[in-house]
Amino acid sequence: MSSPAGTIAEVEYQALYRKYRPQTFEDVIGQAHVTATLAREVVEGRVAHAYLFAGPRGTGKTTTARILAKALNCAELGPDGSPCNRCASCVAITEGHSLDVLELDAASHNSVEDIRDIRVSVSTVASSGGARRVFILDEAHMLSKAAGNALLKTLEEPPDHVHFVLATTEPYKLLDTIRSRAQRFDFHAVPAEVLAAHLSRIGDAEGYETDPAALVAVARHALGSVRDSLSLLEQVAALGDGKVTLDGVSRALGLAGADAAARLVEAVADHDAKKALELVATLASQGVDLRRFTSESVRFFRGVFLAHYAPNLAEVADEPAEVLESWTKAAERLGAGEVLRAVDLLGEALIKLREGREERLMLELALIRLTRPETDTGVDALAARLERLERLVASGPAATTAPSPSPASHRPATADTTRTVEPPPEEPESPPSDPLGLPVDPPAKPDPVTDLTLAQVNDVWPALFAGLRELLGARRWALFREATPVAVEGDTLVLGVKHDFHLESLQSDPAISNIVSTKVGDLLGGAVKVAFRRSADEPATPAAASSEDRSPEKDSLLEAPTDVTDPVRLVADELGAEVVEEVTTDE
């Protein structure tokens, strides 16, 4: 009758990433540029005294270091430089009890005393004649500065039978003097398709029933790490009783459904906060990890941004064809400004979630600010609103009839010399509701500014003049800076332009009127119409020409370099302040 201890030893389980750890250079996947070079150096006897292996976690740095140690001590080395894994030295290194391979963790051996112990071990002869001693220092960036300096001399001139391998995920934290003394190899994240094929082979060897789409999902979420992918595969297989399915991957990782990204894009494109909140409620009820969903949303919008600016999308992104197609479709609905704003807002929410904030609340607040830019007073939100207006204008009159949260509407050009921007007519609409069925107040549309005066315009003109430069762009700004406020007619601001060319250009570009109308309306707290008219050589109103709070003279603007910003003037323009010069008198 066998002992209980013997029975336990026979059935002891070994994790997949340990069970299938590569034992030869050919077994290491995704790092052929490293393994081929090392094998060639071993065969030709040109092995360096120190190596630096840098790269993401789980990509084979420490494993490759062990294979190199076996190749240096193998008694039956193959012609391609790979160890035989049969001789006594190879078996001892594989089982972890070789006296010629010392593997140290720099996180716990980072003091000067530890380095002194290593220097003493370096002077020790190998276990047998002709053998090589290999020191593997994992997480080498954790070495203190003093410990790194203590290692320098030994690292530069070790005995002929000693080799160092430093493995790290953060090579920039190592001392420059250490990096210069080692031959560096950069390990790359393994491509998703290569990793999925590797998982398929291991799944077949383990007897799993695997779905190719599920393996691709596991590979994508492992972010190029072989070790992480094997751990996820093992977890999903245990959950599905040996079956690896896409639903099992979603349940094991707390992932949202395949349509979650499309629903989020639809809510953002339609500026529909109700849809966004319903999406969050659905995900929460399904037990989806909201932090992971936020992280995945940031990655998705990054892909949408790439779809805007990278025509060779398949070459710059390591993603399946269906993912690239979803990015492209989203890019057709969202402008680049909206996409960048989504990345910023969701990235900020992700930081707050990692700080321990209430997950659902932080995500809901971010989505409300994303779908309703009018609730956000930042410059990015205003830019997103203006971009949406420009896209509506560029789409033609049919597009401008669609409901829009913007207070401005667009009218086609007429033969009149005055172009106005009016708020849209009030339309009855049913009150929206949140996911719980409770009514939510719709966003209030701004009322026209009553009793508008030229003095009010002059008060906000410096801030308006300074804020529009970035919003209009170089070409439109060059036209708009020729305009000055000359009169107020009801709730219409009349801007005078001296030259016919500038006047015609301003009137033919409705986006300028929309942007100016929106900006001045935000500053004055209501809807304001804007009209461009021909003005006389002299300003129509003395107050408009003599106000010290007005914008700088145009002659000085033309002469001043455009890339130099006066900080005093900037503060005065943005805050509506007055510059007071301190005058000292001699007593």
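Mentor: What follows is a close look at strand β1 and its surroundings, with particular attention to Phe-53.

The model is predicted, so local features are taken only where pLDDT is at least 70 and side-chain atom pairs only at pLDDT 80 or more, while totals for chains, interfaces and linings use all residues. Residues are numbered from 1 along each chain as its sequence is written, and side-chain values rest on heavy atoms, with hydrogens and water left out.

The setting is an open sheet of five strands, parallel in its pairing and ordered β2-β3-β4-β1-β5; strands are DSSP runs of E with at least two residues, helices are runs of H or I with at least four, and numbering starts from the N terminus. Two strands count as paired if DSSP finds at least two bridges between them. The edges are formed by β2 (101-105) and β5 (183-186), each of which pairs on one side only, and from one strand to the next the twist averages 15 degrees, where axes are lines fitted to C-alpha atoms, for helices over the stretch in contact, and angles run from 0 to 180 degrees between N-to-C directions.

Within that order, β1 (residues 50-54) is joined to β4 (residues 162-168) by five bridges in the parallel sense, and Phe-53 has Ala-167 as its bridge partner in β4.

Helix α4 (residues 61-73) lies across β1, β2, β3 (133-138) and β4, and runs at about 170 degrees to β4. Helix α6 (residues 112-122) also packs on the sheet, where it touches β2, β3 and β4, and its direction makes about 165 degrees with that of β3.

How far is β1 covered? Five of its five residues are buried, a term that stands for under 20% relative accessible area, with exposed meaning over 50% and partly exposed the range in between, for a 1.4 Å probe and protein chains only. The cover extends to both faces of the strand: Ala-50, Leu-52 and Ala-54 are buried on one side, as are Tyr-51 and Phe-53 on the other.

Phe-53 leads on to the aromatic side chains. Rings of Phe, Tyr and Trp (its six-membered ring) pair if their centres lie within 6.5 Å, and planes under 30 degrees apart are called stacked, over 60 edge-to-face and the rest tilted. A search of the whole structure finds eight such pairs, and among them is the edge-to-face pair of Phe-53 and Phe-185, with 6.1 Å from centre to centre and 75 degrees between the planes. Because Phe-53 belongs to strand β1 and Phe-185 to strand β5, this pair ties together parts that are 132 residues apart in sequence. Phe-53 and Phe-185 are each buried, and they belong to one aromatic cluster together with Tyr-51 and Phe-187.

Thr-169 sits in the loop between β4 and α8 (176-179); although 116 residues separate Thr-169 from Phe-53 in sequence, their C-alpha atoms are 8.5 Å apart in space. Is Thr-169 buried, exposed or partly exposed? Thr-169 has a relative accessible area of 30% and is therefore partly exposed, whereas Phe-53 is buried. Leaving aside residues up to four places away in sequence, Thr-169 touches Gly-55, Pro-56, Arg-57, Lys-61, Glu-139 and His-141.

How values were computed: Contact means heavy atoms within 4.5 Å.
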